[in-house]
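Subject: The structure we talked about

Hi there,

Here is the structure I promised to pass on to you. Have a look at it first, and then read on for what turned up in it.

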Amino acid sequence: MSDGKRPASNGEAHDEIRQPVSIGRREASRVVAGRYRLKAQIGRGGSGEVWEAHDLVTGDDVALKFLNHSPNAHAARVRREVSALRLLQLPGVVRFMDEGVDADRAFLVMERLEGRPFPGGPSPSTWPAIASTAIALLETLARIHGAGVIHRDLKPGNILVSADGRPTVLDFGLSYVESPVHAREALTLEGDVLGTPAYLAPEQIVGDPVTPRTDLYAFGVMLYGALAGRLPHEAKDWMGLMRARMTQRPKPLQQLAAEVPGAVAEVAQRLLEVEPEARPRSAAEVLAMLRGQPVLTGIKLPWLGPEAPLAALREAVVRGRPVDVSGPRGMGRTRCLEEIAEEVSAQGRPVCWAGAGSLPFSSLAAITGEPEEQRDLRFAEVRARIERRLRDALAEGTVLLVDGLDRLDWASAHLIARCRAEGAVIRALDEAQAEGAVIRAPDEVEVEEQTGARGVESQPALRLLPLTEEALRGLFAGPDRLLHLREDAARELWRRTGGIPARVAHEVTAWVRGGLARWSAGRLVVGRDALDLLDTGLRVTPALLAQERMSAPRAPLLEEVLTWISLANHHVDVTLLAEVTGHLPWRVEAAIAELGARGALRVHGDGRIEPLSADRSDESWPWERRRAAHLALAGAMPTGAPGRLFHLLSAWDERDAQAAAAIARDAGEAARLLAQDGYVGKAVVPLAEGLRALRRLSPLPTEEVVALLSQWTELALAEATPRALDRVLYEICRVEPQTDALAHLEGLVRAALAVHVWTDRALAMAEAIAPSSSPGLERGRHAVRVSAARRCSLDREEAILSDIVRSTEASMDPDVRASVAGWLGRLRYRQGRFEEAAALQAEAARVARWTTVRIAAQLNGASALIEGFALGEAEALLRDALAQAQQCRHTLYEARAEWLLRAVAYRRGTAQQPDVELLEAFAQAGLSEMEGFVCLNEAVVAWRSGLGGMALDLAQRARKILAPLGEPWGELLASCLALVCGGELRDGEIAVLVGRGQRCPLPRTSAQVLALLAISGRWVPTGKVDLAAFSARIPAHAGDLRMEVLSPAEVIAALR
């Protein structure tokens, strides 16, 4: 580091934190709360100690903070920190992950961060060096304040800046969360001053109420210090510093750092005003004041628009003709000129920009030189000389670029207009300027006649249009296959910006600053979790879109409607607004239309209304009114509706047990509706929020907690992935006190996890679980039993299915009927009765109420049809399942549909080349088991296509993936295919493969394994293969259709 300082972490960013403390092996192996294995102590302070720990559930490293035992006032502040962190699941704020008590000691878990205190580098710094970081911090403050939280202790040590300049706000132990609870809590003793003295605002010193402007004062101190290399007020002791803070204005920043831009210095000065009312009212307003300063819009994006405008500009340059580029503000007019200037300059042709100017002809100085300073010259003579120089330059091929007429001095603007037909003059005009197309001087016609000019021809302007969703895809890295990253990111970006390039640049820059995206190889990488967060309506650019065109204050109705829209967090339409405000619908419509015309909001095609101006409700409405508004919005929505849970949580008094129960009910219903529509992953989010609310109550409402955990368990069992099961198991085990109901849930989840390890233990665990009175949990119990039995003998699976059919035959529940039909279908598949299996899965899909159950049944039915050689029917079913899975973004089912469609293509002989893109998508999606089977399928495609080397690599990759997952028959086929493709074997391995092939209980797989060994030339059939039994299972028409690797005809030919 240039300043010689060691990078910090979020365990050591506070002033009192010391060097990392090494610990012994015994302490390092300790596991906290059954989940977090301690690794190293990385900090210690007055409120506790911070450790680096490894999360055994997710595999990530985290920061775990043990809190010191303390008196009640400090304990209340701990609750406040937890409350603030839970509320602020926002970009730019340290991510809160967990809390609990271990060995009678409270702890918090946060993401593990690395970085340096603000501004992230040496001090003093230049504005260009810290601008991106400072702006990102302002954007984060706008989000924090918008959530009703005031930090109260902003200082460099609480702002950790990453190596790429991205700041993260830490330590909300002194934060103020506006709510009735905190209004009643007296956490500060008389005479106490909370915060760090060097960064305290005057109102904190005298004990006045804090507002968002309090945090902005601290930001001003940090900004001043970063640019000047010293704090705005300095004194020998604390009292002297406080006195200076209250009575002295800091020295103007530009006197200490002359290179600081004037606008930045002015902002710093205003932020340090003693009276809060004299400071900017919000972080959004500070961002607006800084707009236009260097680095505000971030890095230069690649050209995303159509090629036509650039092609037209190139043609105009080649032909030496004028052309105008027009469009609304932010549409990329300047970018067009920059692109063409770069191209023309690279070709060696002279390019001149008309500059900003106020004196006559000063804007043309770059192309014509400065006007003469002789006192005896008249204006007409100067103009004639300048005009002659301009015409000569254009005739010689100089390209003149004019970026807006309002920047030019009037004399230059008139002269450019009269001479533009002489050569390549490219002007960027706003729509009002483009309407006239030509600016005429009073004596223009007369001069043209005297000079014999060709005349000023009105050229049609090139009107720039917004970027399309398809064009925005070019910004993002993939894959779209399975994960839909590019298309979903482009759709979200277009929804937020309307495709206007300037808004796109601001939004993308904010995503990167907020940690929602990162640049890699010239493309933006946005993960699925970030896309889901953005899909909730999170506003990442609170001020950059606030370009409201207003010349007068808003009318009260406009102010009220806009505030309601801001509070609604994008879940609002005209009908809902009319209901909660009490205004007539037509008046609300009129207000929305006017606000839209002023640029304060945007109405989307689905009726949702998005505010584009900064939210002022934190100052214009007191907390009680905002709370009442949130309750009114929640009351106007049906239970489980999108956005309702957000409003209930925003209005919640933590001591209101009745309200917590209402939150839990809404969370459960929201999760049910999401899961029913196929959004299983998203359905977990409201359940987690509901549990967080319930955990804050004392005593813990066990009945409500068990209800939510039961629902969560149902979802995890339906998703059936180890990650989903691990997550809910942790939530179950952390509840105290444990009850019989919780023990039942724990046993069910542990049995489901055991299914993923190919052993008999899973069935023993599943059979030990008692029946449940909950239909959903009982269905889940049966599902675990069936899955476990499928790992055992066929007789055992048949017996368990018979028992389940007997116990459920009286049920009329369509979910039970669908499940039983699906389980029987899987059994018939295993028995080789593929036609019956397909019919049962079709029945399951017909009666299923849940989208995911229907998709699963269709996929299972298609598998049976494939094995029955009904490839056309299977393909139709798979394409329908694929469309549904894509609609609800169910990666697992979409991946399975894609895999099976590739299997159909191979078996039909239409797969000519390996699908490398699909292989990469499976690897990125982390679907190991299916990735192994896809590798096997693409390996045989490569083998058939004569790509022996690729076939060998893919077969070995399939074997490596499938072997540890307990998939013996897929791994066996992959091993034999690798042998056919030239793979090496150890001594005795052929005999092992032959033995496994002969013992394989799947006749088709057994026959293919032995046939592949024979084809490899490493084994000669001994006559022990029962070809008659094999042939009896193959329909007469299917002899030449392929199975997983070989066709029946190829098997028979190899084994005769």
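This is a predicted model: local features need pLDDT of at least 70, side-chain atom pairs count only at pLDDT 80 or more; totals for chains, interfaces and linings use all residues.

Let me take you to the second largest cavity, which holds about 50 Å³ of space. Which residues line the second largest cavity? They are Arg152, Asp153, Leu154, Thr196, Tyr199, Leu200, Gln204, Thr214, Asp215 and Ala218. By type, the lining splits into 4 nonpolar, 3 polar and 3 charged residues. Helix H6, which covers residues 212–228, gives the most to this lining, with 3 residues.

As background, most residues other than glycine have a negative phi, and most peptide bonds are trans. You will find Arg152 in the loop between strand E9 (149–150) and strand E10 (159–161). Is Arg152 buried or exposed? Its relative accessibility is 15%, and buried means under 20%, so Arg152 counts as buried.

Phe361 also has a positive phi without being a glycine, with a value near 65 degrees. This residue sits in the loop between strand E14 (351–353) and helix H13 (365–368). Phe361 is buried, because its relative accessible area is 2%.

Now for the peptide bonds. Where do cis bonds turn up? One joins Ser123 and Pro124, with omega at about 5 degrees. Pro124 belongs to the loop between strand E8 (114–117) and helix H3 (127–146). Another cis bond joins Ser698 and Pro699, with omega at about 0 degrees. Pro699 is in the loop between helix H29 (680–695) and helix H30 (702–719).

Inside the order, strand E13 (residues 323–326) runs parallel to strand E16 (residues 425–429), and 4 bridges join the two. If you want a place to start, find Val323: its bridge partner in E16 is Ile426.

On to charged pairs. Side chains of opposite charge can pair when their charged atoms come close. How many salt bridges does the structure hold? The total is 57. Here are some for you to find.

Glu203 forms a salt bridge with Arg279, and their closest N and O atoms are 2.8 Å apart. Glu203 lies in helix H5 (residues 202–206), while Arg279 is in the loop between helix H9 (262–271) and helix H10 (283–290), so this pair ties together parts that are 76 residues apart in sequence. Both Glu203 and Arg279 are buried.

Arg695 forms a salt bridge with Glu731, with the closest N and O atoms 2.7 Å apart. This pair links distant parts of the chain, with Arg695 in helix H29 and Glu731 in helix H31 (residues 722–733), 36 residues apart. Arg695 counts as partly exposed because its relative accessibility is 23%, whereas Glu731 is buried, with a relative accessible area of 7%.

Arg957 forms a salt bridge with Glu931, and here the closest N and O atoms are 2.8 Å apart. Arg957 lies in helix H43 (residues 948–962) and Glu931 in helix H42 (residues 928–944), so the pair ties together parts that are 26 residues apart in sequence. Arg957 counts as partly exposed at 29% relative accessibility, and Glu931 is buried at 11%. Salt bridges can also share partners: Lys39, Glu52, Asp61, Arg112 and Glu114 are joined in this way into one network.

Finally, a note from a database record. An unreviewed UniProt entry places the feature "binding site" at Lys65. In the model, Lys65 lies in strand E5 (residues 61–67). Lys65 counts as buried, because its relative accessibility is 7%.

Enjoy exploring, and write back with any questions!

Best wishes

Conventions:
Residues are numbered from 1 along each chain as its sequence is written. Side-chain values use heavy atoms; hydrogens and water are left out. UniProt positions are given in the numbering used here, feature names are shortened, and annotations may be inferred rather than shown by experiment. Buried means under 20% relative accessible area, exposed over 50%, partly exposed in between (1.4 Å probe, protein chains only). Two strands pair if DSSP finds at least two bridges between them. A salt bridge is a side-chain nitrogen of Lys or Arg within 4 Å of a carboxyl oxygen of Asp or Glu. On a 1 Å grid over the protein atoms alone, a cavity is a set of points where a 1.4 Å probe fits but cannot get out, and a pocket is an open set with protein on both sides within 12 Å along at least five of seven lines; lining residues have an atom within 4 Å of a point. Grid points are joined across faces, edges and corners, and a volume is the space filled by probe spheres set on the points. Ala, Val, Leu, Ile, Met, Phe, Trp, Tyr, Cys and Pro count as nonpolar, Asp, Glu, Lys and Arg as charged, and the others, Gly among them, as polar.
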